[in-house]
Structure formats: C-alpha cells, structure tokens
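Let's take a walk through this structure together. Have the viewer open and follow along, one region at a time.

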Amino acid sequence: MDERLCVAALMNGTPYSISEDETLLTAWELVERSGQRHLPVVRQDGCCAGVLDRAELAVACAEPAVALSRRRVCDLVHGRRTVTVHPEESTPRAAAVMTEEHLDALPVTDQHGRLTGLLTAGDYVAAAAGLVRHTGPAQQAPHLCAPLPGLPPRRRERERGIPIP
C-alpha cells in the first residue's frame, strides 16, 4: 500500500450515520438495511459521538421491542472515549491508531469534530488488494441524510430486483 495515501483516499465519505437521539430500534433497522457493520453516531451539532458496531447493537437489541423503542443510541455511546482521525492524516498513522485502540472502524472528522467519513479495516483490505471501494469525502455531510427514507432495500430483495415501497 502506498505510504503517501491519506485517510481521505481510503475512507467511506458517505456512511450512513445516526443521531444520538434516535432509538436503538431505529439504529438496528439502519444497520440491517444499509448492510454496514459500523454506524457512526452524531450529536445535534454534527460532531461524532462514537461508533456502534453490528455485534454491539445485536446484544443491545436482545431486549423486547417495547424497551428498544424507548432506549436511545446515546445510552450506548455516552461516556465512551471516541478516537478519531482527520482526512488529511496518513493511512499508516490511522492504521496504527486502529491497532493500538483495537478498533475495526474509525470515524473521520474535520477540525471541528464533525463527522466527514468512516475508515474501516475492510477499507485497508480492499486497498491492499488493489480494489477501489470509495471515492473519498462526501460532497455533503453524511449526518444530514435522513436515516430511513434514503436506505437501500434489504440485500436479499435488492438481489432479486424487487423494490421495497
């Protein structure tokens, strides 16, 4: 892998993200429908509050649906230390942070802490294999997207070509 690559060249600049005020039920639905394994959590000001992963959500979603509709995403990320990188940082530096912190995903933020993308271990694997997975930074902040209306159809329906209303 090219040592001169910056994080912006590997990161997903348009990850689905969720507001910390949303319910766990909504977070699970977003992870299920988007096919993402990691879900960045943003505060009202657009700053990154953390990242939830699919396994963590699955454990939290073992509760009855009624309880999940009351629990908020902030309950899972509150008090958690959030490690981030900036888009212009080098990929070896970001890899070192991910290794030291035992992370599979790292939020990418601007100088004000606002989410601009997500860098995952899968992005590194794709780059090492010579595959281009992402096009870099998004034209608009990903946290501005509505969580459910813009979701792609579930993977099995999409593979069959059946649109979901």
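Predicted model: local features only at pLDDT ≥ 70, side-chain atom pairs only at ≥ 80, totals over all residues.

A contact here means heavy atoms within 4.5 Å. Residues are numbered from 1 along each chain as its sequence is written, and side-chain values use heavy atoms, with hydrogens and water left out.

Back to Ala 60, which sits in helix 3 (residues 54–60); helices (H or I, at least four residues) and strands (E, at least two) are DSSP runs, numbered from the N terminus. Is Ala 60 buried or exposed? Ala 60 is buried, because its relative accessible area is 8%, and buried means under 20%, exposed over 50%, and partly exposed in between (1.4 Å probe, protein chains only).

Now step back to the whole protein. The secondary structure comes to eight helices and seven strands. Of the 165 residues, 40% are buried. Among contacts between residues at least 6 apart in sequence, 61% join residues at least 24 apart.

Next, the strands. Two strands pair if DSSP finds at least two bridges between them. Three strands form an open sheet with mixed pairing, in the order 2-3-4. Its edges are strand 2 (18–19) and strand 4 (48–53), each of which pairs on one side only. Strand 3 (residues 38–42) pairs with strand 4 in the antiparallel sense over five bridges, and Pro 40 stands opposite Val 51 in strand 4.

Finally, find strand 5 (residues 105–109). Why is strand 5 largely enclosed by the rest of the structure? Because five of its five residues are buried. Ala 105, Pro 107 and Thr 109 point one way from the strand, while Leu 106 and Val 108 point the other way. Strand 5 pairs with strand 6 (residues 115–120) in the antiparallel sense, over five bridges, and Val 108 stands opposite Gly 117 in strand 6. The hairpin of these two strands has five residues between them, and there Gly 113 takes a positive phi near 90 degrees.
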